[in-house]
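Me: I'd like to learn how to read a structure like this one. Could you walk me through it, feature by feature?

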Amino acid sequence: MSSTEQTPRPARLAAAAAVAGIEALGLVAGGVYMLVSSLTGTSGDHTGALTGAVTLVALGMIPLAAARGLWLRRSWSRGPAVITQILALPVAWQMLQANSAMIPAGVVLGVLAVAGLVLLVNPATTEALGIRRPGQDTP
């Protein structure tokens, strides 16, 4: 079946791609913020801030690639997207433990991670990605 003959993209798959994309944007934005803080001197530890900034931007590329893959219906993209959601859960939990402005961000991240997992394991999503369930016959 050619790409022009594909069925419409399921809303759940589009939503899963959006969740991964939002997480990617959050990581990249955090990295850029740390980079600017490092370069403007508002950060006390320039080397640590620069390393953190580069790390966040690099980590943001994983859910960004997964979001693009999900949008384009690439079956490989579900793995990195699921791993991103699983890794986001303990980060959200740690953010919720802070007595600061990080609590709302932790709530948002936790909701995104749970929603992302639910969307990624949904049968409509797996079918749209061409992933067969155990015991499912090949066409």
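**Reading the chain**

Reply: Let's start with burial. The chain has 139 residues, and 31% of them count as buried. Keep in mind that this is a predicted model.

Me: Fine. How many helices and strands does the chain have?

Reply: The tally is five helices and zero strands. Going along the sequence, that reads α-α-α-α-α. The C-alpha trace spans about 60 × 30 × 20 Å along its principal axes.

Me: How do I read contacts in the chain, and what percentage of those with a separation of 6 or more link residues 24 or more positions apart?

Reply: The idea is to look at how far apart in sequence the partners sit. Here 66% of the contacts with a separation of 6 or more join residues 24 or more positions apart. I22 and L64 are 42 residues apart in sequence, yet their C-alphas are 8.5 Å apart.

Me: Is I22 buried or exposed, or partly exposed?

Reply: Buried means under 20% relative accessible area and exposed means over 50%, with partly exposed in between. I22 has 47% relative accessibility, so it counts as partly exposed.

Me: And T84, is that one buried or exposed?

Reply: T84 has a relative accessible area of 14%, so it is buried. You'll find T84 in helix 3. Leaving aside residues up to four places away in sequence, T84 touches E23, I62 and P63.

Me: Which helix gives the largest share of the nonpolar patch?

Reply: Helix 4 does, with three residues. V111 has 53% relative accessibility, so it counts as exposed. V111 and A92 are 19 residues apart in sequence, with 8.9 Å between their C-alphas. Then try W93 in helix 3. At 52% relative accessibility, W93 counts as exposed too.

Me: What about aromatic rings? How many aromatic pairs are there?

Reply: For pairs, you check whether ring centres lie within 6.5 Å of each other. The count here is zero aromatic pairs. A ring can also have a charged group over its face, so that's worth a look: a CZ of Arg must be within 6 Å of the ring centre and within 35 degrees of the ring normal. R9 lies over the face of W71, 3.8 Å from the ring centre.

Me: Where does R73 lie, and is it buried or exposed?

Reply: R73 lies in the loop between helix 2 (46-71) and helix 3. Its relative accessible area is 13%, so R73 is buried.

Methods:
Residues numbered from 1 in each chain as written. Predicted model: local features only at pLDDT ≥ 70, side-chain atom pairs only at ≥ 80, totals over all residues. Heavy atoms only, no water. Phe/Tyr/Trp six-rings, centres within 6.5 Å; stacked < 30°, edge-to-face > 60°. Helix = DSSP H or I, 4+ residues; strand = E, 2+ residues; numbered from the N terminus. Buried < 20%, exposed > 50% of the residue type's maximum accessible area, 1.4 Å probe, protein only. Contact = heavy atoms within 4.5 Å.
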